[in-house]
Amino acid sequence: MELIKPGRQFDFMSKRWLFIGLSGILLILSIISFIVPGPKLGTDFKGGTEVEVAFKAPVSSAEVREAVTNSGFDSPDVVSVADQVNPNRYLIRVHEVSTLSEQQKAAVREHMCLAPEGGSVPEDRCPESVRATEVKFSPGGDKISARYEVAPDLEGIKKQLEGIEGVEIRPGANNPLVVSERDHKVELYLKSKGDQLMDGLRQNLGADKVPDQALRVEWIGPKAGAQLRDAAIKSVLITIFFIMAYIAFRFDIRFAPGGILALVHDVGIALGAMVITQREITLSTVAALLTIVGYSITDTVVVYDRIRENLGKHRDMSFAAVINFSLSEMLGRTILVSTTTFLSLVMFLFYGTGVIRDFAFTLVVGIVVGTYSSIYVAAPLTEWIDRRFFGSASGKRRKVNRVRAQKRADAVV
């Protein structure tokens, strides 16, 4: 299929400043969007709780989302999971985690009669059987470990935690539990955010639809989320660095800056589009950005390869003319490849759900700006670098070619 007739030429370079200005505006808007309204980080980076539930009866994602919201959770993400055994299976993500705050920890220590350093506790309220000598909290915030001088009063310990906001003991016959009679060590299991979410679902949807237990409950703390965020940023930067090294080795150094600027341009605009539309930035988004990097550099390398090939064939043409000639030759191929990929992703964008839709949105934006940047970002910058830093060499080469041609003509005469 030939969309562009062979031999037809387009003057791309004459419009380069117009499109470079457009790119600058889009990048500035992307930078501003990180301040206002700011990125909406998902549970992967911000931390949160993930619960997978197989409901007993048919229920829609809208009903599940409303039930979770009515239970006190903010902006839940509800995704339907394909399962032939149970078609009513959902993955629920919320930003809240079970980790106790410092105020809650201080309240627990006080209620469990843990004496402050250098202080004491009233004996009438704190007999030895409920007077803790040590209190520790699990990283997930759903378990408390305590030690006592004498055999502990489990019922008394359970009553001590009543009335503390956000702290509720998980129901069960063995809670609290003595795990070491010699050390009088006791463990208390608290209701996690996953337990509270399941309680809210039962209250709003009914016990006939909600199972007694979730299939899976996982959580990511804010510290782990920050580590994932830093690792994601490093992965993108390392990828860009090695791609720059590849282009410099594959072609020559004057081609590398244009390719890297095009990558930064594509990733920056795609990320800005995510922030402006307030879509969650998750590990799936990072995967989409890395996919954009790969797609964009592939298109840029194809263009660069044709430019380098034509530089050897048309030594009498200026660098800008060679770029126009090469881009005109590649235009039909670029349109076909980009359109095919674009149409397949649009289907995911409209008919996908949850994370798939956000992934498709990022790729759609990335493909559009990636195709555009190969023509109006990478190529013009390469031409400017050649003119600014290699212009004298190129001029000498063309001058030598003209002198040789003139000598040949004189010899014929």
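Two strands pair if DSSP finds at least two bridges between them. Strands themselves are DSSP runs of E with at least two residues, helices are runs of H or I with at least four, and both are numbered from the N terminus. Keep that in mind while we walk through this model, which is predicted: local features need pLDDT of at least 70, side-chain atom pairs count only at pLDDT 80 or more, and totals for chains, interfaces and linings use all residues. Residues are numbered from 1 along each chain as its sequence is written, and side-chain values use heavy atoms, with hydrogens and water left out.

Let's start with the whole thing. The protein has twelve helices and ten strands. Its radius of gyration is 32 Å, well over the 22 Å that the globule rule gives for 413 residues, so the protein is more spread out than a compact globule. (That radius is taken over C-alpha atoms, and the rule is 2.2 Å times the number of residues to the power 0.38.) Along the principal axes, the C-alpha atoms fill a box of roughly 120 × 55 × 35 Å. Of the 413 residues, 43% count as buried, where buried means under 20% relative accessible area, exposed means over 50%, and partly exposed is in between, using a 1.4 Å probe and protein chains only. If you take contacts (heavy atoms within 4.5 Å) between residues at least 6 apart in sequence, 71% of them join residues at least 24 apart.

Now zoom in on some strands. Strand 5 (residues 132-137) and strand 6 (residues 143-148) pair in the antiparallel sense over five bridges, with Ala-132 standing opposite Tyr-148. Five residues sit between the strands of this hairpin, and Gly-141 takes a positive phi near 75° there. Strand 6 is also joined to strand 8 by five bridges, and these two run antiparallel; here Arg-147 has Lys-185 in strand 8 as its bridge partner. Strand 8 (residues 185-189) pairs with strand 7 (residues 177-180) too, antiparallel over three bridges. Leu-177 has Glu-187 as its partner in that pairing. The hairpin of strands 7 and 8 has four residues between the strands, and its His-184 takes a positive phi near 55°.

Is Arg-170 buried or partly exposed? Its relative accessibility is 30%, so Arg-170 counts as partly exposed. The C-alpha atoms of Arg-170 and Leu-190 are separated by 4.9 Å, although the two residues are 20 apart along the chain. Leaving out residues up to four places away in sequence, Arg-170 touches Asp-142, Asn-175, Tyr-189, Leu-190, Lys-191 and Asp-195. That loop also holds Pro-176, and the peptide bond joining Asn-175 to Pro-176 is cis, with omega about 5°.

Another cis bond runs from Val-36 to Pro-37, with omega near 5°. Pro-37 lies in the loop between helix 1 (16-33) and strand 1 (40-41).

Cys-113 has a phi of about 65° and sits in the loop between helix 4 (102-111) and strand 5. At 1% relative accessibility, Cys-113 counts as buried. Gln-278 has a phi near 55°, and its place is in the loop between helix 8 (256-276) and strand 10 (280-281). With 33% relative accessibility, Gln-278 counts as partly exposed.
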